[in-house]
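Visitor: I am new to this structure. Please show me how to read it, one feature at a time.

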Number of protein chains: 2
Amino acid sequence: MMNHITPHVRRGGVSLAYIMPNLTPPVTTIEQATNYHKELQQIAPKTTFLMTFYLCRDLTPELVEEAAKKGVIAGIKCYPAGVTTNSDAGVDPNDFSAFYPVFEVMSKYGIVLNLHGEKPSVKKDSQTVDAEHDDGSDDIHVMNAEAHFLPALAKLHADFPELKIVLEHCTTKAAVDAVDAINANLTQGEAPKVVASITAHHLFLTVDDWAGAPMNFCKPVAKLPMDKRALLRAATSGKPWFIFGSDSAPHDASKKCVFKGVCAGVYTQTYALSYVAEAFDSIGKLDKLKGFVSEFGHAFYGIKKEDLVCQDEVTLVEKPVNVEEMLEWDDGTKVIPFLEGAKLHWDVEWSSN
Amino acid sequence: MMNHITPHVRRGGVSLAYIMPNLTPPVTTIEQATNYHKELQQIAPKTTFLMTFYLCRDLTPELVEEAAKKGVIAGIKCYPAGVTTNSDAGVDPNDFSAFYPVFEVMSKYGIVLNLHGEKPSVKKDSQTVDAEHDDGSDDIHVMNAEAHFLPALAKLHADFPELKIVLEHCTTKAAVDAVDAINANLTQGEAPKVVASITAHHLFLTVDDWAGAPMNFCKPVAKLPMDKRALLRAATSGKPWFIFGSDSAPHDASKKCVFKGVCAGVYTQTYALSYVAEAFDSIGKLDKLKGFVSEFGHAFYGIKKEDLVCQDEVTLVEKPVNVEEMLEWDDGTKVIPFLEGAKLHWDVEWSSN
């Protein structure tokens, strides 16, 4: 899958990919991250790859310090145990204190903390809940798991005000409001320490779109129409604390066509910029695209153009893009692209090919 | 599928099946209903089948009167257009007035109105919604479609107080509360005119269970944990306005293993009574089972024992039931049973086999 998909990062109009560590086994050593980086770079020499560790007990402050000094990793991703693909080794989001020594090192070296912002589901049975006062406020489920995580985000920021944090692939108005609130008192030109990334597909999807359509099932799940509108407003706001992150997940189509245990994830990489442009254009906000997909993220991560392995630039051009029905390879691998079969209106052109 | 599944009604511990009319084409004539009834009866001679019409413009008051006089139908099912399997010919639930002449005939002859209680989805785009006041209150989606339907139920009951109405396969605390409210002023022994049916699977499922598991996707979708608790409390309440209705939907497994367009429906018929008993037993309420699965429904529909084609009685016995992983037939048909592979604790025994 890596060999097939990695070239599509550039094809989708993207020069820099932030590489998630939730492999089997998770990426937790300098050697793993270095080798993985080498493999990716060989497949796509013009794409810049930033590597991450998987937050777990294996990560000592010493290891993180060494990795930071050697420039091996840009960030560490935190997965609450059990909420998404390969998150079994993840952390208990009710108590991050065991990782505070790691966060201190991260703060010191500017290593970013990438949060999968969901609390694991909590279901109470009928016998343990007082029927008279059963308003569901103690339940956690896929629809409110992100909202329930937000206090933990606020506490982390309060405890580590210098730590750079990304609330990844946020899906709710509640998350947008929380990240707005954290940044409400920034002075003009002050760089945000806490940002939220927004995917392409969450600018399109609501719960109706994954009900009965496993191809659109991802974690966090797409929420309500008002959440989708809030995400599109945030992405097009020009606020530097909302940045694009595709969270593109290439699962083989066979893993999407099952009656249970559907792999979570939507695949967007091949047409990444075209999707985002389509959403922005739908409300006449293409002028806000560059900030969202490029400038704000680069500024937050401290990436300068000379840091990229290739300085080619991409231009958005008004030109029909026919999304393939299915991406297929000779070895039988098949991946369903998001909005398969759709006709989009904005393509990408690289300054050099 | 009919030949395979019809015998499972009895196998699941059920003597009377209420037959839905959403075939292709929908059941809208006396001839269709009569022939369909004949076919079912031939396959399962000991099962009683009550037939229904599909509410649409083809149903004239004269036709309904004739069908009622001939005893062809027990009820008419109303599907809001576009909300579930084969509902394209359905009605606009924002305005039932076109069907009022039909409802008058139904009231007169005691024909039951079976409501699929969901409003079709309404999504507003970002440009038409005032961002400052965007609380989502105008949106309708799969999670609130039932709650939005409830005022229409109340209005129908107010306009036709003698019409027998079933809010079918209800899934929310809001629906339970609405039907409780309608029946709040019944005098002792007075028969309810409005009841709600509850499926076996909605006593088990929440949104988390169909996220990524198409086998558990049905319409209305299973909602939140507090809704599931409210349904279990209602089913076990002993109130005669909550009755069992399986809404069992046998789709071929191939139609559940697709990346989009998953057929809505959960298949429960083979183990229907075992599932319900399991749920009731989980909160120590087996004493309320008979009312819910048998007495209250019979009373509402006016069914006496001598009306049944077979007077065999079923007994619940404490005995392990291993739910098959997959029901398979020689012609290649496969159906995934609900809770496939699970071990249940209550089986059924017929007084004669």
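**Reading the features**

Guide: Start with what packs over a helix. The cover over the buried residues of H7 in chain B includes helix H6 (145-159), strand S6 (165-168), strand S7 (194-198), helix H9 (225-235) and S8, in chain B. Keep in mind that this is a predicted model.

Visitor: Which residues of helix H7 (residues 173-182) of chain B are buried?

Guide: They are B:Ala175, B:Val176, B:Ala178, B:Val179 and B:Asp180.

Visitor: Is A:Ala184 buried or exposed?

Guide: Exposed means a relative accessible area over 50%. A:Ala184 has 56% relative accessibility, so it counts as exposed. A:Ala184 and A:His4 are 180 residues apart along the chain, and their C-alpha atoms are separated by 42 Å.

Visitor: What about A:His8?

Guide: A:His8 is in helix H2 (residues 7-11) of chain A. Its relative accessibility is 8%, so A:His8 is buried. Again leaving out neighbours within four places in sequence, it contacts A:Tyr267, A:Gln269, A:Thr270, A:Leu327 and A:Trp329.

Visitor: Next, a charged residue. Where does B:Lys256 lie?

Guide: B:Lys256 is in the loop between strand S8 (242-244) and helix H10 (272-282) of chain B.

Visitor: Which side chain of opposite charge is nearest to B:Lys256?

Guide: B:Asp247 is the nearest, but it is 10 Å away. A salt bridge needs the charged atoms within 4 Å. B:Lys256 is buried, yet has no salt bridge. Look for a polar partner instead. The backbone oxygen of B:Pro214 lies 3.0 Å from a polar atom of the B:Lys256 side chain.

Visitor: Which residues does B:Lys256 touch?

Guide: Do not count residues up to four places away in sequence. In chain A, B:Lys256 touches A:Val258 and A:Phe259. In chain B, the residues touched include B:Met215, B:Phe217, B:Val262, B:Cys263 and B:Ile336.

Visitor: How many disulfides does the structure hold?

Guide: Zero, over all chains. To check a cysteine, find the closest other sulfur. A disulfide needs two sulfurs within 2.5 Å. For A:Cys56, the closest cysteine sulfur is in A:Cys78, 10 Å away, too far for a bond. A:Cys56 is also buried, with a relative accessible area of 7%. For A:Cys263, the closest is in A:Cys257, 11 Å away, again too far for a bond.

Visitor: How are the two chains related?

Guide: Two copies of a chain are related by a rotation about an axis and a shift along it.

Visitor: Through what do the copies meet?

Guide: Through the same surface, because 100% of the interface residues of chain B are also interface residues in chain A.

Notes. Residues are numbered from 1 along each chain as its sequence is written. Chains are lettered from A and ligands numbered from 1 in the order in which they are written. This is a predicted model: local features need pLDDT of at least 70, side-chain atom pairs count only at pLDDT 80 or more; totals for chains, interfaces and linings use all residues. Side-chain values use heavy atoms; hydrogens and water are left out. Contact means heavy atoms within 4.5 Å. Buried means under 20% relative accessible area, exposed over 50%, partly exposed in between (1.4 Å probe, protein chains only). Helices (H or I, at least four residues) and strands (E, at least two) are DSSP runs, numbered from the N terminus. Lys and Arg count as positive and Asp and Glu as negative; His and the chain ends are not counted. A polar contact is a pair of N or O atoms within 3.5 Å; within protein, one must be able to donate a hydrogen and the other to accept it, and residues adjacent in sequence count only if both atoms are side-chain atoms.
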